[in-house]
Amino acid sequence: MLGFATVFVVLGAIRTVGAASATGGGGVLLLGMYAAGLGMPFLLAAVFTDALAVRLRAIGRYGRMLQVLAAVVMVLMGVAMVTGRLSTFSYWLLEAFPALAAFGQHVSAIENVRS
């Protein structure tokens with residue numbers, strides 16, 4: 001439901017900017033780009049549906065095992081959160097895999113640009 005609300009807000013803003021522009025071409029261009037961006041994920045999904053279905057069938061053989069593994073990870077994360085060991089685990093991950101620290105720096109830089 002939230003997705004629809006954001007779509008209408010953005011569409012309303014684009015229509016307002018288009019109506020306030022001196023020429024109608026700018027508004028048409030904005031609406032065209034908006035429509036292309038909104039429809040692109042659906043077009044890509046349609047194009048790659050067959051390839052995705054083949055891969056999902058291949059992964060499906062391991063489906064039950066993956067579900068159990070995901071459940072175990074979720075339970076362990078919940079226990080770590082409740083017992084206060086999640087931060088200890090985070091520090092261990094950073095020591096064991098130093099590349100994760102670089103990833104965190106990239107995410108922080110992106111968040112700083114957004115704010």
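Visitor: Is Phe97 buried, partly exposed or exposed?
Guide: The model is a predicted one, and the accessibility is computed from its atoms. Phe97 has a relative accessible area of 46%. Buried would require under 20% and exposed over 50%, so Phe97 is classed as partly exposed.

Visitor: What secondary structure does the protein chain contain?
Guide: Read along the sequence, the elements follow the pattern α-α-α-α-α-α. The number of strands is 0. The secondary structure therefore comes to 6 helices.

Visitor: Where in the protein chain is confidence lowest?
Guide: The mean pLDDT of the protein chain is 80, and 84% of its residues reach 70 or more. Helix H4 has the highest confidence, at 90. Where pLDDT is low, predicted coordinates should not be read in detail. The lowest confidence, a mean of 63, is found in helix H6 (residues 99-114).

Visitor: How many aromatic pairs does a search of the whole structure find?
Guide: The search covers the whole structure and gives 2 aromatic pairs. One of them joins Phe89 and Trp92, which are stacked, with 6.0 Å centre to centre and 20° between the planes. Both residues lie in helix H5 (residues 86-96), 3 residues apart, or about one turn of the helix. Trp92 and Phe97 also form an aromatic pair, at 6.4 Å centre to centre and 90° between the planes, and this pair is edge-to-face.

Visitor: Which residues do the ring pairs link into a cluster?
Guide: Phe89 has a relative accessible area of 36% and is partly exposed. Trp92, at 46%, also counts as partly exposed. The ring pairs link into one cluster the residues Phe89, Trp92 and Phe97.

Visitor: What distance separates the end C-alpha atoms of helix H2?
Guide: Helix H2 (residues 24-47) has 24 residues, so at 1.5 Å a residue it should span 34 Å. A kink of about 40° lies in H2 at Gly39, shortly before the proline Pro41.

Visitor: How far does helix H4 reach from its first C-alpha to its last?
Guide: Helix H4 (residues 63-83) has 21 residues, and the span expected at 1.5 Å a residue is 30 Å. Just after H4, Gly84 takes a positive phi of about 80°. The reach of H4 is close to the expected value, at 30 Å.

Visitor: Is Gly18 buried or exposed?
Guide: Gly18 lies in helix H1 (residues 2-20). Leaving aside residues up to four places away in sequence, Gly18 touches Thr23 and Gly27. The relative accessible area of Gly18 is 15%, and the limit for burial is under 20%, so Gly18 is buried.

Visitor: How far apart in space are Val10 and Tyr34, C-alpha to C-alpha?
Guide: Val10 is found in helix H1, and at 40% relative accessibility it counts as partly exposed. In sequence, Val10 and Tyr34 are 24 residues apart. In space, C-alpha to C-alpha, their separation is 8.9 Å.

Visitor: What share of the residues of the protein chain counts as buried?
Guide: The protein chain exposes about 9800 Å², of which carbon and sulfur atoms supply 75%. The chain has 115 residues, and the share of them that counts as buried is 4%.

Note on methods: Residues are numbered from 1 along each chain as its sequence is written. This is a predicted model: local features need pLDDT of at least 70, side-chain atom pairs count only at pLDDT 80 or more; totals for chains, interfaces and linings use all residues. Side-chain values use heavy atoms; hydrogens and water are left out. Helices (H or I, at least four residues) and strands (E, at least two) are DSSP runs, numbered from the N terminus. The expected span of a helix is 1.5 Å times one less than its number of residues. Buried means under 20% relative accessible area, exposed over 50%, partly exposed in between (1.4 Å probe, protein chains only). Contact means heavy atoms within 4.5 Å. The bend at a residue is the angle between axes fitted to the seven residues ending there and the seven starting there. Accessible areas come from the Shrake-Rupley method with a 1.4 Å probe; for residues, only the protein chains shown count as cover. pLDDT is the predictor's confidence in each residue, from 0 to 100. Rings of Phe, Tyr and Trp (its six-membered ring) pair if their centres lie within 6.5 Å; planes under 30 degrees apart count as stacked, over 60 as edge-to-face and the rest as tilted.
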